[in-house]
Amino acid sequence: MSGLILEDVSHNWGTRHALDGVSFSVERGRFCALLGPNGAGKSTLFGVLTRLFLPREGRIAIAGHDVGREPRAALARMGVVFQASTLDPDLTVRRNLLYFAALHGLSGREAETRIVAALERLGMAERAGEKAASLNGGHRQRMEIARALVHRPEVLLLDEPTVGLDAASRAAITQHVHDLAAEGLTVLWATHLVDEVRSRDQLVVLHCGRVLSDGEAGEIGGDELNQHFLALTREQT
Ligand SMILES: Nc1ncnc2c1ncn2[C@@H]1O[C@H](COP(=O)(O)OP(=O)(O)OP(=O)(O)O)[C@@H](O)[C@H]1O
């Protein structure tokens, strides 16, 4: 069963085709890297996936729920890590997550249990009492991911989640999210960094709003993924 389906999704910014007939699907429990250079349309795609704005045309389904016809059911099954931080720096990790849990109608013991579980999955349990402002960039981003897991989504969307992090933090977060996919979460990970893609990942290359390739990363690019990606996106510019 597919965790995520996009069929012929298009979106314009004025006369610019930011997304032009984008179609691909991600199987349940698969890690899909959405790789594209700056301006490829990755953030626009996240905007239509999360209903920040409506696509001009096309269909999107999250865990079997059509985003246009059943938006509440679809959004309830989706966790999102945006580029910009969503945390209150003056609150503790635990308070931030409690606040988010309340937005999903969770409170009391149920919220506490889920928060502990989400923080443990990201190796952040011992930091629950620290203020968000005191965390380093890598831990702050792990907390963003824990926040996105509190309502137990089936699909996790991450928009360039490692921007601004050092190499060790990038590697740790990339590993954590691969582990989540191995446990059954469907992951869409937008990036312009080829070194975040593993050979067994699904790889969708997006450029100028179009899907240029879709398949297993090792088969598409092999060891020369970087050169392949550069050649692919250079040809189309
Ligand atoms: N709010 C907007 N108004 C007008 N044009 C926009 C808007 N947002 C994006 N665009 C344009 O749409 C195209 C796709 O941009 P988008 O931000 O989705 O790409 P991206 O792949 O996320 O890029 P980046 O990696 O730089 O964030 C670009 O040409 C961009 O200039």
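The model is a predicted one, in which local features need pLDDT of at least 70 and side-chain atom pairs count only at pLDDT 80 or more, while totals for chains, interfaces and linings use all residues. Residues are numbered from 1 along each chain as its sequence is written.

On confidence, where pLDDT is the predictor's confidence in each residue, from 0 to 100, the chain has a mean of 90, and 97% of its residues reach 70 or more. For the complex, the predictor gives an ipTM of 0.95 and a pTM of 0.91.

Next, the overall fold. The chain contains eight helices and ten strands; these are DSSP runs, helices being H or I of at least four residues and strands E of at least two, numbered from the N terminus. The radius of gyration is 18 Å, close to the 18 Å that the globule rule gives for 237 residues, so the chain is as compact as a globular protein of that length. That radius is taken over C-alpha atoms, and the rule is 2.2 Å times the number of residues to the power 0.38. The C-alpha trace spans about 50 × 40 × 35 Å along its principal axes. Of the 237 residues, 41% are buried, a term that requires 20 or more other C-beta atoms within 10 Å of the residue's own, with C-beta atoms placed from the backbone.

I return to the strands. S1 (residues 2–13) and S2 run antiparallel and are joined by eight bridges; two strands pair if DSSP finds at least two bridges between them. Together they form a hairpin with two residues between them, and glycine 14 in the turn has a positive phi of about 60 degrees. S1 also pairs with S4 (residues 57–62), in the antiparallel sense, over five bridges, and here glutamate 7 stands opposite arginine 59 in S4. The open sheet has four strands in the order S2-S1-S4-S5, with antiparallel pairing. S2 and S5 (65–66) each have a single partner strand and stand at the edges, so one side of each is left without a neighbour in the sheet.

H1 itself has six of its eight residues buried, so the helix is largely enclosed by the rest of the structure. The buried ones are Lys42, Thr44, Leu45, Phe46, Val48 and Leu49. Just after H1, arginine 51 takes a positive phi of about 65 degrees.

Finally, I turn to glutamate 196, in the loop between S8 (186–191) and S9 (202–207). Why does glutamate 196 count as buried? It does so because it has 20 C-beta neighbours inside 10 Å. The C-alpha atoms of glutamate 196 and arginine 170, 26 residues apart along the chain, are separated by 8.3 Å.

Note on methods: A residue is buried if 20 or more other C-beta atoms lie within 10 Å of its own, exposed if 12 or fewer, and partly exposed in between; C-beta atoms are placed from the backbone.
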